Amino acid sequence: MSGGDFWSLLTPAEQEQFTRRSALRRWSRGEVLCREADRSDWVAMLRAGRVKASSHTAAGGEVVLAVRGPGALLGELSAVDRAPRSATLTALEPVTALVMALPEFEAYLQAHGRVAFLLMRLLTERLRDADRKRVEFGAQDSTGRVAARLVELAERFGRPDGDVIAIALPLSQDELAGWVGASREAVSKALGVLRAADWIRTSRMSVTVLDLAALRERAGISG
């Protein structure tokens, strides 16, 4: 389930039923889809645009938990346990999503047992990803963690262009810092190290990966 692309795993009939039970909604860049601790009563399937999932520390700092793109299912945890939202979802760019009320989603899963199994796989994948990131935080320095996030973005959202991979990156350095658990200054230094090694090229709101294999090795990612 590459990058949490839930939509592509559904059959045309399952997609059609999901669409029929949903309403199309749009959010502008910077708009909040839902807030941490809210008790909103819907799930959403991203059809266009990317969102960040984030949480806030007691000191008021933002921790970015994930970036989700087209095809991702949002709000699945609250749909399963009916607990408040575990993260704030914010549009990183204009977003379009199919929004389904929880009672409709429950009925949809009951009518499509295969989709319920796919949801279980999605939750398992996200649990494993969280475990990998915990190991990464203990084993990698800030440069390694920045390299790991760039590998993730390149593999999920990158556009191959000859021998390089272009990533439109709608994240500020502060947001990237919140994602890798480092200061903005440490992230800026890490990007400088990766540029000096000729592994990446950066410009405003974009990164071009020049050597993905080297980035993977620096991030300690096998395979």
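How many residues line the largest pocket, and which of them lie nearest its centre? There are 47 lining residues, and Leu65, Ala66, Arg68, Asp129 and Lys133 are nearest the centre. Please note that this is a predicted model, in which local features need pLDDT of at least 70 and side-chain atom pairs count only at pLDDT 80 or more, while totals for chains, interfaces and linings use all residues. Residues are numbered from 1 along each chain as its sequence is written, and side-chain values use heavy atoms, without hydrogens and water.

A pocket here is an open set of points on a 1 Å grid over the protein atoms alone, where a 1.4 Å probe fits, with protein on both sides within 12 Å along at least five of seven lines; lining residues have an atom within 4 Å of a point. The volume of the largest pocket is about 1300 Å³. Helix H4 provides the largest share of its lining, 13 residues. By class, this lining comprises 23 nonpolar, nine polar and 15 charged residues.

The second largest pocket holds about 180 Å³. Among its 13 lining residues, Leu169, Leu171, Gln173, Leu191 and Ser203 are closest to the centre.

I turn now to the interior. A nonpolar core joins buried residues (under 20% relative accessible area, 1.4 Å probe, protein chains only) of the types Ala, Val, Leu, Ile, Met, Phe, Trp, Tyr and Cys through side-chain atoms within 4.5 Å. The largest has 28 residues, with Val146, Leu150 and Leu215 making the most contacts inside it. Helix H5 gives the most to this core, eight residues. Apart from it lies another core of 18 residues, including Val43, Met45, Leu73 and Val115.

Notes: Points joined across faces, edges and corners; volume = space filled by probe spheres on them. Helix = DSSP H or I, 4+ residues; strand = E, 2+ residues; numbered from the N terminus. Nonpolar A, V, L, I, M, F, W, Y, C, P; charged D, E, K, R; others polar. Buried < 20%, exposed > 50% of the residue type's maximum accessible area, 1.4 Å probe, protein only.
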